[in-house]
Amino acid sequence: MRLLTVNLDFEGQKALLVGAGAVGRRKLSTLLEAGATVRVVEPNPAPWLLDLATEGLILLEKAFDPSFLDESPWVFVATNLDQSIMAIVKLAQKKGLWVSLASDPKESNFFQPAVASDEPFRLAVSTGG
């Protein structure tokens, strides 16, 4: 795998997050800290997620709609890969979007490294997904 390591200014970027369990919660936290506008698809939202939506910090959806892929080039999948989730992934890939699957980096076209931060210092470590 040939990789190019970059840092992205995500302020104001729109992102789609599918799944908001433990891994999705960490991804969401990272995206919000980076200043992204995040639409979260989670059929069974936990109270903390409902609170974020009520506060206007995220857009919360209980079901996926293909039109969500027209709004953002960034798709983060943080849930188990069943047929319906893989259909979302394939559709996003077909549209040429940036797709990161937490459970299957080899199917991703980008992934996030582990980061230790003491601003302005940031150390990123990657194992290739």
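Me: By class, how many nonpolar, polar and charged residues does the lining of the second largest pocket have?

Reply: Happy to start there, and keep in mind that this is a predicted model. To read a lining, sort its residues by class. Here, seven are nonpolar, three are polar and two are charged. You can find them in the list that lines this pocket: Val18, Gly19, Val41, Glu42, Pro43, Lys62, Ala63, Phe64, Thr79, Ser84, Ile85 and Ile88. The pocket holds about 160 Å³ of space.

Me: Which element provides the largest share of that lining?

Reply: Helix α3 does, with three residues. This helix spans residues 83-94 and lies across β1, β4 and β5, at about 150° to β5.

Me: In what order do the strands of the open sheet come?

Reply: Read a sheet from one side to the other, then check the direction of pairing. In this case the order is β3-β2-β1-β4-β5, and the pairing is parallel. The edges are β3 (59-61) and β5 (98-101), each with pairing on one side only. On average, neighbouring strands are turned by 15° against each other, direction ignored.

Me: What volume does the largest pocket have, and which residues are closest to its centre?

Reply: Its volume is about 1,400 Å³. Of its 37 lining residues, Val6, Phe110, Phe111, Gln112 and Pro113 are the closest to the centre. Helix α1 gives the most to this lining, six residues. By class, the lining has 21 nonpolar, ten polar and six charged residues.

Key: Residues numbered from 1 in each chain as written. Predicted model: local features only at pLDDT ≥ 70, side-chain atom pairs only at ≥ 80, totals over all residues. Heavy atoms only, no water. Pairing = 2+ DSSP bridges. Helix = DSSP H or I, 4+ residues; strand = E, 2+ residues; numbered from the N terminus. Axes fitted to C-alpha atoms, helices over the stretch in contact; angles between N-to-C directions. Contact = heavy atoms within 4.5 Å. 1 Å grid on protein atoms, 1.4 Å probe; cavity = no way out; pocket = protein on both sides within 12 Å on 5 of 7 lines; lining within 4 Å. Points joined across faces, edges and corners; volume = space filled by probe spheres on them. Nonpolar A, V, L, I, M, F, W, Y, C, P; charged D, E, K, R; others polar.
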